[in-house]
Number of protein chains: 4
Amino acid sequence: MVVRAAVAGASGYAGGELLRLLLSHPEVEIGALTGHSNAGQKLGALQPHLRPLADRVLLPTTADALAGHDVVFLALPHGQSAAVAEQLGDEVLVVDMGADFRLKNAADWEKFYGSPHAGTWPYGLPELPGARAALAGTKRIAVPGCYPTAVSLALFPAYGAGLAEPEAVVVAASGTSGAGKAAKPHLLGSEVMGNMSPYGVGGVHRHTPEMIQNLGAAAGEPVTVSFTPTLAPMPRGILATCSAKAKPGVSAESLRAVYEKAFTDEPFVDLLPEGQWPATAAVYGSNAVQIQVALDEAAGRIIVISAIDNLAKGTASGALQSMNIALGLPEDTGLSTIGVAP
Amino acid sequence: MVVRAAVAGASGYAGGELLRLLLSHPEVEIGALTGHSNAGQKLGALQPHLRPLADRVLLPTTADALAGHDVVFLALPHGQSAAVAEQLGDEVLVVDMGADFRLKNAADWEKFYGSPHAGTWPYGLPELPGARAALAGTKRIAVPGCYPTAVSLALFPAYGAGLAEPEAVVVAASGTSGAGKAAKPHLLGSEVMGNMSPYGVGGVHRHTPEMIQNLGAAAGEPVTVSFTPTLAPMPRGILATCSAKAKPGVSAESLRAVYEKAFTDEPFVDLLPEGQWPATAAVYGSNAVQIQVALDEAAGRIIVISAIDNLAKGTASGALQSMNIALGLPEDTGLSTIGVAP
Amino acid sequence: MVVRAAVAGASGYAGGELLRLLLSHPEVEIGALTGHSNAGQKLGALQPHLRPLADRVLLPTTADALAGHDVVFLALPHGQSAAVAEQLGDEVLVVDMGADFRLKNAADWEKFYGSPHAGTWPYGLPELPGARAALAGTKRIAVPGCYPTAVSLALFPAYGAGLAEPEAVVVAASGTSGAGKAAKPHLLGSEVMGNMSPYGVGGVHRHTPEMIQNLGAAAGEPVTVSFTPTLAPMPRGILATCSAKAKPGVSAESLRAVYEKAFTDEPFVDLLPEGQWPATAAVYGSNAVQIQVALDEAAGRIIVISAIDNLAKGTASGALQSMNIALGLPEDTGLSTIGVAP
Amino acid sequence: MVVRAAVAGASGYAGGELLRLLLSHPEVEIGALTGHSNAGQKLGALQPHLRPLADRVLLPTTADALAGHDVVFLALPHGQSAAVAEQLGDEVLVVDMGADFRLKNAADWEKFYGSPHAGTWPYGLPELPGARAALAGTKRIAVPGCYPTAVSLALFPAYGAGLAEPEAVVVAASGTSGAGKAAKPHLLGSEVMGNMSPYGVGGVHRHTPEMIQNLGAAAGEPVTVSFTPTLAPMPRGILATCSAKAKPGVSAESLRAVYEKAFTDEPFVDLLPEGQWPATAAVYGSNAVQIQVALDEAAGRIIVISAIDNLAKGTASGALQSMNIALGLPEDTGLSTIGVAP
């Protein structure tokens, strides 16, 4: 199979990571690359690590430029994907790496994003119950947010097995690439090195309703999520510390058994041996998810910690994993569980 | 007043930070400096940033070396302070920067530290209710742990005012200096740069009972604390994200009012203006504590975030603040609320 | 003495560091603070580490705002200082932290900065021969560039003593604050963390003629400087590796003797003991300069390495040192040789 | 072809990076893994990023353990490779990632390493003139040092074309992984973050004679190298700033032409477009070398800057490139020029 892929938004971090992975995907041929303010520039100046594509010139993001491909990846600012997708035709696989089609609840979308809801596409987190079936053969994929990827994978087994009270507390640290490549003063190296700081505190971060959607589906009842994201002095990686009160009778053994069962056949989820804890450095550049669980008996809480690479499993390699399923390719084609460390 | 001060454990990070501050304390004269494996070496090779002390030679940590001072600071591994303190005489102010005399409950000490309980000294966190009275004129000070400093200051007002349910959830990120200067593989620069990882998960970190002690005292009832510490890729700083379910009727306004009242006269606590969030970089090298509060109405939780410098307010400058009180000096003598940034 | 000081450009990194130091300068009272695009904002939002000034509002940078002070510090983009200085009156001490008045040679200015030469003011690097005399009582000070500070201090003794051939080679690494606070994509944390990269290679960096001016004056003959600056993944600090061919007969002993003599009475220059090498972390936040020398006998080269804090000795505390001299204050008033480490 | 490969020293950084690459080398099957102090442990605890090998147990480094493989990689402390290699038999390809067989001159070896010279093996830097011929079919490969890789590739074209005077000046910054995984105090994260510092100054670094050997061979005359290595606050990467006086008549055009010719057919060397400069982040994890040249006309010097990943092209992927040649495989098998960024 030769899959011809276009990437809209090739100059950003998500687009760059996607191209890095597409370059070693055995079934994909890289087609048109588009940008907005960078249209007309060579990719070599924008993504100097992608040497084989250095002489590629970015086209403007138009339906014409994206036409004639088997797959089109959209790495666009939120709210822009629907207009592009409409012009692409039903036979093209469209993979939206933005937020536009993730939420099922239109009111949530409008509250958190402030624009009309464009719709809902099959959700590209294959490890969630039922997700693979919805992705198989689909022509539309909504790639999850990076934080919801880390948090949903950490907590859905506990909720699915009825172990946890429906009030989750999540504190996550993200590398700065999660904030994108637009130059903003608080993202300067001088500001972020040596610094930890929170943002979007108090339930206002846009990834909150997506976590609530996923965990509520697993629990079969409404779940609240108190989510605090923090910016960490590193380029990549998310470490999510997730907890919830344990329901009566939960033991450390029963908790671990549930997680072992949930992930035993998952090629990209690494439930670590007891005593070993996730580290973002171990999944740098890979599609792996590291997870560990604990029961804090004194506090009566289940604690699950996950580590992902926000640009890889959290965005670009996660998108490829879902693309593979949609196209009927082996799910791990072109993907790796090996991190680049130290 | 000339206060002659000795420092036991002058080659470590806590001892070094203490000396940095003592060098600009107007009432202190630096006396004997001692070390263990580094005894006999010049301080200039061990603490190259402390240029005025470069030619000082470290003595072995003995009662003889520490005799004849007005104040003796102990920056020793836990379990070693009691033996030294006993030999120092009741007229000497002994400031223990280790854990030995922090806990009131002997069973907690034995469970978390595995040795006999040495006793309890006045607790050197002046901002806690009643603390200043206990510190005034004392000859023995137990300097709090770095995490308990950040967490107790964040949550005691909420508990003191009866706003929060007695089940706190804390996730904190610490710079690597909190782990000390002993060379361990997981603390190598190659390992920690670009990496976030948790440790001591599930209620086993030794600072947990100290938080429980402080918050329980504020609440007037037992409080559980689910505490997850994480190691962040920066040398200094603690960012503590602390939350608890709000009791019925708590509003964002009543929450903020309680914090404004709690800290209005505190010289070192900076309740930030609404909309501004703590950042460890802003308190780098200073005795300041940055705090911000939020009410997550959807999740029903109070969220309080604090930032301190783990070596400064979290250890060495916190120790000096308490020393000032004990000696009857103005509390802010030799201390600063100005951070070194960027 | 109460010196009333205004700061034009208070929202940038140089202005912020200056304010940090002015806050603990015993003879200075901080007057007007001005900004350009940030005029009207509170300083607390822009410089959150400067807590005592948090409620100060930035004025627009006008002669009116700056009038009525004893000292005016200009931390403005190059080319803007002359117009402001002209309006300030001869009785006011004007300290230009920009480049405008550093170069003696108008052609050099025009070649490297592309605008008419505004003139030459006494050069604020007190350790250079003759500099203190020129600074005493002056009403105009040109603060040196950060790289020229590190490089000139490293090499002027060798050139002054006739030990080195007049062809210097300098490679220096700078922290990112040297590039300022304007948000540019290549200065994002995501770009600079984990990254070393050069810029301004081949003699085109604007600090090159300033080094040539200083070293030529020391040598008494023209000196060329091949200067390569690199951007290092840290907020602050300059490490300058400087070398030149040794003239015949130079020995390691004669080299060291020259440096010991040059710096023996200098309060802020720390010629390290043999075997110890400069480190930027050791001078973080301080006015100290660490220097070490070596003779590479096989290559026939003198190697001198210096470390400074680019914002402190390289800009703001260096400016204060010169201000102290100009005002007749003890040179070290309000300055420190103690770094904040680790 | 199935090449069975053993790795001695699998728990260190070089061994880990080699295993990361071997896992995706299509012709290699990973055989025995050995360690010294870590023998008996599972690799998952030591190299948590290498998930597919997590359950492999390290054997002691003995001839027995290493027997029966087609290729044996030695990632051992210097001085230990000869004894192991002798026992491996002439039919086994032995790739020494240590220093033992790099130098031709026994006196140099003894001076810099202090032990008897073990011999000289074909030198694994294929881009050097004549190197590929010596590597084809060989059963013994000496992998170059990381700094000599960066420096030799930067300067051999200038020396080979007679453009440069035989006195090179090199200042290079390395990530901390170059210093290995042994826990030493000065390599702690707390020490290296925010810090640039030199070491091995004055011609004493062990990689100096290797550079001299390579550049002298290119020049056809003795070349001196004044080499100053510095430790940079990043896990990986080398940025080498290399310069030498230009011989009379050298122009920017003739200089660039020589470099274009030298590297036009090299699959792993990326002579950047004019105006773009190397950055270590762009080659993170890849076998690529970024190079840029400049002529500083005022100083009369040729400046060549190269960036590599010290663990990849500088050690492990460089070793695989040479292995491919020795085995008759396409040179780029299992290797990549794509970096992981940001």
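Select Phe101(B) and Trp121(B) in this predicted model: both residues are buried. Their ring centres lie 3.7 Å apart with the planes at 5 degrees, so the pair is stacked, the cut-off for that label being under 30 degrees. Phe101(B) sits in the loop between β5 (93-96) and α5 (106-113) of chain B, and Trp121(B) in the loop between α5 and α6 (131-135), so the pair ties together parts 20 residues apart in sequence.

Stay in chain B and select Tyr147(B) and Phe227(B), an edge-to-face aromatic pair with 5.0 Å from centre to centre and 70 degrees between the planes. Tyr147(B) belongs to helix α7 (residues 146-160) and Phe227(B) to strand β9 (residues 224-231), which makes this a link between distant parts of the chain, 80 residues apart. Tyr147(B) is buried at 2% relative accessible area, and Phe227(B) is buried at 0%.

Move to chain A and pick Phe156(A), Tyr259(A) and Phe263(A), which form one aromatic cluster. Over all chains, the structure holds 22 aromatic pairs.

Next, display chain D against chain A. Here 30 residues of chain D are in contact with 30 residues of chain A. The two chains bury about 2400 Å² between them, 58% of it on carbon and sulfur atoms. Two salt bridges join chain D and chain A; for one of them, select Arg51(D) and Asp270(A), whose side chains meet at 3.1 Å, N to O. There are also 18 residue pairs in polar contact between these chains. On the chain D side, α1 (13-22) and β11 (269-271) each give two or more residues, with α1(D) giving the most, three. That side divides into 16 nonpolar, eight polar and six charged residues.

Methods. Residues numbered from 1 in each chain as written. Chains lettered and ligands numbered in written order. Heavy atoms only, no water. Contact = heavy atoms within 4.5 Å. Buried area = accessible area lost by both parts, 1.4 Å probe. Salt bridge = Lys/Arg side-chain N within 4 Å of Asp/Glu carboxyl O. Polar contact = N/O pair within 3.5 Å; in protein donor to acceptor, adjacent residues only side chain to side chain. Helix = DSSP H or I, 4+ residues; strand = E, 2+ residues; numbered from the N terminus. Nonpolar A, V, L, I, M, F, W, Y, C, P; charged D, E, K, R; others polar. Phe/Tyr/Trp six-rings, centres within 6.5 Å; stacked < 30°, edge-to-face > 60°. Buried < 20%, exposed > 50% of the residue type's maximum accessible area, 1.4 Å probe, protein only.
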